[in-house]
Amino acid sequence: MERWRGRLGNSSLHKHGGSSGMSTGIIDANIRGVIRDFTCGYCSAQAGYNIVFADHSELRHTYGDLLEGAAIAVLKCRDCGMLNLLVFSVNEEDYGGSMTEVELDPFITEHPHIIAAGFDKEDGAIAPMWIELMGQYPYGHKLDSIPEIIRRDLQEASNCLAIAASNAAVIMCGRVIERLAVHFGARPDQNRMLGLTLKELENRKLIDEHLLNSFREVKDWRNIGAHPSENDEGIQLTEARKVVEFVYLLIEQVFPRQDARDLANELKQMRLKKETVG
Ligand SMILES: [Zn+2]
């Protein structure tokens, strides 16, 4: 039990408490639990990292008992030594149900993103507070096989996520789609209408239908981000993350990763050699 006590520190973070101002801190185990495969934004190495700094802060609004928080971690790439900044949101949830102290330990172990359990000894209720990755600056992704001009736009989209600029991230995704359309031979529409540029891809049968529909999906999200309408909330961060992730998948589809191609060649050579010997 000593371990979780050390980690959770106190129970002042219970949803009905929290007035003492005391706070448990985000710790290395939280970071490592959330960041399983770190890609350095400078050298693209996945050589691991050292945590140089990690902390979080949160604020409880008097009205509505809402918790608002953020966590920041600075990771040092083990390959190039450059510092990468990771930003997390701090969230809280009324878990519902109850548990005993004995059950709490395995629960925390299974959920490394939880930084405080908000455990109430009296009724066994918990209101866990946890971190969720918003983004990394600069964003790390192996992008060795795509044109530089597309890579820059894509990284800018990802960097927007790190500062919760969700509309901006998705607008950048629209820019990437426009670049992809040009890559496939479309002439950018003079009025800069992405819809017309995609229409040209369709009319001239420059890409298959599946990819075209994917581009249109991104375009529709881009429109939500770019054109405000009355009472609209814009794009939420979780939505923006999915759109950016989707664009990454499309990019990998259009430009297969260089290391995948290298490995394919290597395997082929190995097989040919093996077949010759056999
Ligand atoms: Zn690095």
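Predicted model: local features only at pLDDT ≥ 70, side-chain atom pairs only at ≥ 80, totals over all residues.
The expected span of a helix is 1.5 Å times one less than its number of residues. Helices (H or I, at least four residues) and strands (E, at least two) are DSSP runs, numbered from the N terminus.

Residues are numbered from 1 along each chain as its sequence is written.

**Overall layout**
- The protein has 9 helices and 5 strands.
- Their order from the N terminus is α-α-β-β-β-α-β-β-α-α-α-α-α-α.
- The C-alpha trace spans about 70 × 65 × 35 Å along its principal axes.
- Of the 278 residues, 27% count as buried. A residue is buried if 20 or more other C-beta atoms lie within 10 Å of its own, exposed if 12 or fewer, and partly exposed in between, with C-beta atoms placed from the backbone.
- Two residues are in contact if their C-beta atoms, placed from the backbone, lie within 7 Å. Among contacts between residues at least 6 apart in sequence, 61% join residues at least 24 apart.

**Helix α4**
- The buried residues of α4 are Leu154, Ala157, Ser158, Cys160, Leu161 and Ala162.
- Their cover includes β3 (83–92), β5 (129–137), α5 and α8.
- Ala164 follows α4 and has a positive phi, near 60°.

**Helix α8**
- Helix α8 (residues 237–254) has 18 residues, which at 1.5 Å a residue should span 26 Å; its end C-alpha atoms are 26 Å apart, which agrees.
- Its buried residues are Ala240, Arg241, Val243, Val244, Val247 and Ile251. They cover an arc of only 165° around the axis, so they sit on the same side of α8. The arc is that of the directions from the helix axis to the C-beta atoms.
- Thr238, Glu245, Leu249 and Gln253 are exposed on the face turned away from that buried side.
- The cover over the buried residues of α8 includes α4 (148–162), α5 (166–183) and α7.

**Helices α6 and α7**
- Helix α6 (residues 194–203) and helix α7 (residues 209–226) pack at about 175°, with their axes 11 Å apart. Axes are lines fitted to C-alpha atoms, for helices over the stretch in contact, and angles run from 0 to 180 degrees between N-to-C directions.
- The two helices are therefore roughly antiparallel, a label for angles over 145 degrees.
- Leu194, Gly195, Leu198, Leu201 and Glu202 in α6 meet Leu212, Phe215, Arg216, Lys219 and Arg222 in α7.

**Ile177**
- Ile177 lies in helix α5. It counts as buried because 24 C-beta neighbours are inside 10 Å.
- Beyond residues up to four places away in sequence, Ile177 touches Leu194, Phe215, Val218 and Lys219.
- Ile177 and Arg216 are 39 residues apart in sequence, and their C-alpha atoms are 8.8 Å apart.

**Backbone exceptions**
- Most residues other than glycine have a negative phi, and most peptide bonds are trans.
- The peptide bond from Tyr137 to Pro138 is cis, with omega near -10°. Pro138 is in the loop between β5 and α4.
- Ser44 has a positive phi, near 65°. It lies in the loop between α2 (28–34) and β1 (49–60).
- Lys205 has a positive phi too, near 50°. Its place is the loop between α6 and α7, and Lys205 is exposed, with 9 other C-beta atoms within 10 Å.

Conventions
Parallel < 35°, antiparallel > 145°, perpendicular 65-115°, else oblique.
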